[in-house]
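Reader: Could we go through this model together, one piece at a time? I would like to start with the sheet and then move on to the helices.

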Amino acid sequence: MIVMANNKISALIVDDDSIIRKIHKTMLERLFNIEAETVKDGKEAVELCRSGANFDIIFMDREMPIMDGAEATKQLRAMGVKSTIVGITTRAGGEDREEFLAAGSNHCFEKPLDRAKVEVVLREHKKFTI
Amino acid sequence: MLGFGADLLWADMNRLLAFLFHQGVLDEQFLQLQQLQDEASPNFVSEVLNIYFHESEKLLTNLRGLLMERDYKKMGVHLNQFMGSSSSIGAKRVTNVCVAFRAATLQTNRAGCLRALEMLEHEYCYLKNKLHQLFQIEQQRALVAGVRYPVQNQNQ
């Protein structure tokens, strides 16, 4: 059972695929009661955070046009963004994971993002207890 | 009689789903997708799948064009997208073919890419046909269930 310790968790989903944005947003909202916004590439994510938006968790796709997930993560950390950043990639090998973690992400998972992976992230978050 | 029909259709649906799981066409991610459907969004699964079909067909057309041009890098980009969306809806066999296809693009193996593309087109068509079958059974079941209730009320 998932219990919110404080107020609602906010999330940003960064993915160029509209299907994935729809599925992830619905999953977070329905299964975890997490408010989720979506953007379609790393540049939009950086600009959104630069404009003052704050998110508890950012789910960041790796492969995106304009600005990929690793670069966006680097820029967000350079800006001082403290959100939990979860890298998501289609590549099972270690290279993407290393790149994401080196850029400053907290986790890196292989697609698809599912309930179990979200729970791993939430267990570490002070706003949630499971 | 109509209730019996709805039950038979329910059994047909479950049998088809079990078959698709057993064959490795779908995996548990599809079940997670179904769990996101509720009374507030009763058509969530079909909405997602219709977007998936539309996008996938564009990707397949683009992949064929890129293969003719031998643009392996762009093919890799398209395959990443196809893999991501396919794995997110639980399309296991399509995802696996994408993995093999991507490996062939990394090796710039044209013959391997051509074989993989043909297999991908085949697996995608098979998946689409089976999911349409599933939708049809669901729609029939909803129709039958909808007709049943007024009949029950008249009998009370």
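Reader: Which residues cover the two faces of strand 4 of chain A, and are they buried or exposed?

Author: On one side there are A:Ile57, A:Phe59 and A:Asp61, on the other A:Ile58 and A:Met60, and all are buried, where buried means under 20% relative accessible area, exposed over 50% and partly exposed in between, with a 1.4 Å probe and protein chains only. Strand 4 covers residues 57–61, and strands here are DSSP runs of E with at least two residues, while helices are runs of H or I with at least four residues, both numbered from the N terminus. Before we go on, please keep in mind that this is a predicted model, in which local features need pLDDT of at least 70 and side-chain atom pairs count only at pLDDT 80 or more, whereas totals for chains, interfaces and linings use all residues. Residues are numbered from 1 along each chain as its sequence is written, chains are lettered from A and ligands numbered from 1 in the order in which they are written, and side-chain values use heavy atoms, with hydrogens and water left out.

Reader: What is the strand order in the sheet of chain A?

Author: The order is 3-2-4-5-6 in an open sheet of five strands with parallel pairing, and two strands pair if DSSP finds at least two bridges between them. Strand 3 (35–39) and strand 6 (107–110) of chain A are at the edges with a single partner strand each, so one side of each has no neighbour in the sheet.

Reader: Which strands does strand 4 of chain A pair with?

Author: Strand 2 (residues 10–14) of chain A pairs with strand 4 in the parallel sense over four bridges, and A:Ile13 is opposite A:Phe59 there. Strand 5 (residues 84–89) of chain A also runs parallel to strand 4, joined by five bridges, with A:Met60 standing opposite A:Gly87.

Reader: And what lies across strand 4 and strand 5 of chain A?

Author: Helix 3 of chain A does, running at about 150° to strand 4, where angles run from 0 to 180 degrees between N-to-C directions and axes are lines fitted to C-alpha atoms, for helices over the stretch in contact. Strand 4, helix 3 (residues 69–78) and strand 5 of chain A form a right-handed β-α-β unit, meaning that with the strands pointing away from the viewer the path from the first strand over the helix to the second runs clockwise.

Reader: Changing topic, how does helix 1 of chain A pack against helix 3 of chain B?

Author: Helix 1 (residues 18–32) of chain A and helix 3 (residues 44–69) of chain B pack at an angle of about 160° with their axes 9 Å apart. The two are therefore roughly antiparallel, since angles under 35 degrees count as roughly parallel, over 145 as roughly antiparallel, 65 to 115 as roughly perpendicular and the rest as oblique.

Reader: What about helix 1 and helix 5 of chain A?

Author: Helix 1 and helix 5 (residues 115–123) of chain A pack at about 70°, with axes 11 Å apart, and are therefore roughly perpendicular to each other.

Reader: Where is A:His24, and what does it touch?

Author: A:His24 is in helix 1 of chain A and counts as buried at 2% relative accessibility. Leaving out residues up to four places away in sequence, A:His24 touches A:Ile13, A:Ile88, A:Leu113 and B:Ser88, contact meaning heavy atoms within 4.5 Å.
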